[in-house]
Each structure stands twice: as structure tokens, then as C-alpha cells.
Amino acid sequence: MVGFDNLPAAARNNPALTTVVQDFAAIGAKAVEALLDQINNPEHLFDDQIVVGVKLMVRSSTNQY
């Protein structure tokens, strides 16, 4: 079983829940960068997809015994 967002409770569950860890600082920085670019270039159309990497935090809910 796998969760998303790596909430603190995920590590405290029994078994501890494997989760996907998002980089919220990078997401925020990319959002601000896009917003400032839009403010400075109002005619620019933003149709690019921005991808921020994630990390898999493997815990006992997916470990093989």
C-alpha cells in the first residue's frame, strides 16, 4: 500500500506507510517564477508543463519479508 504527501502519520502507522514525497519548496518556487514571468510578460502564453520531481519514501507497507 502506498500513500501520497508523506504526512507525519504515515511513519507512525503500523505498518509504516510508503509514501510519495513532494518538494513543496520547488513547487512554490516554480509557481512564483511563472507568476512573475506572467506579470513581466503579459502577452506570453503559458502552455508548458512544469515537472517537479518526487521521491519515494519506502517503508514497511511495501517492504518484502
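This is a predicted model: local features need pLDDT of at least 70, side-chain atom pairs count only at pLDDT 80 or more; totals for chains, interfaces and linings use all residues.
**View 1. The side chain of Thr-18 reaches the backbone nitrogen of Arg-59 at 2.8 Å.** Residues are numbered from 1 along each chain as its sequence is written, and side-chain values use heavy atoms, with hydrogens and water left out. Thr-18 sits in strand S2; strands here are DSSP runs of E with at least two residues, helices are runs of H or I with at least four, and both are numbered from the N terminus. Is Thr-18 buried or exposed? Thr-18 has a relative accessible area of 2%, so it counts as buried (buried is under 20%, exposed is over 50%, partly exposed is in between, using a 1.4 Å probe and protein chains only). Leaving out residues up to four places away in sequence, Thr-18 touches several others, including Met-1, Leu-56 and Ser-61; touching, or contact, means heavy atoms within 4.5 Å.

**View 2. Val-58 comes in the segment after strand S3 (54-57).** Val-58 and Thr-18 are 40 residues apart in sequence, yet their C-alpha atoms are 4.7 Å apart in space. Val-58 is partly exposed, because its relative accessibility is 47%. Which residues does Val-58 touch, not counting those up to four places away in sequence? They are Thr-18 and Asn-63.

**View 3. Here we look at Val-2, in strand S1.** Val-2 and Thr-62 are 60 residues apart along the chain, with 7.4 Å between their C-alpha atoms. Val-2 touches Thr-62 as well as Leu-17, Thr-18, Thr-19 and Val-20, once residues up to four places away in sequence are set aside. With 49% relative accessibility, Val-2 counts as partly exposed.

View 4. Asp-5 has a phi near 90°, a positive value in a residue other than glycine. Asn-6 isn't a glycine either, but its phi is positive at about 50°. Asp-5 is partly exposed at 31% relative accessibility, and Asn-6 is partly exposed at 23%.

**View 5. The peptide bond from Asn-14 to Pro-15 is cis.** Its omega is near 0°. Pro-15 is in the loop between helix H1 (8-12) and S2.

**View 6. Val-32, Leu-35, Leu-36 and Ile-39 make up a nonpolar surface patch.** Together these four have about 390 Å² of accessible area. One of them, Ile-39, lies in helix H2 (residues 24-40). Why is Ile-39 called exposed? Because its relative accessibility is 55%.

Definitions and conventions:
Patches are made of residues with over 30% relative accessible area and no salt bridge: like charges are joined within 9 Å, nonpolar side chains (Val, Leu, Ile, Met, Phe, Trp, Tyr) within 5 Å. Accessible areas come from the Shrake-Rupley method with a 1.4 Å probe; for residues, only the protein chains shown count as cover. A salt bridge is a side-chain nitrogen of Lys or Arg within 4 Å of a carboxyl oxygen of Asp or Glu. A polar contact is a pair of N or O atoms within 3.5 Å; within protein, one must be able to donate a hydrogen and the other to accept it, and residues adjacent in sequence count only if both atoms are side-chain atoms.
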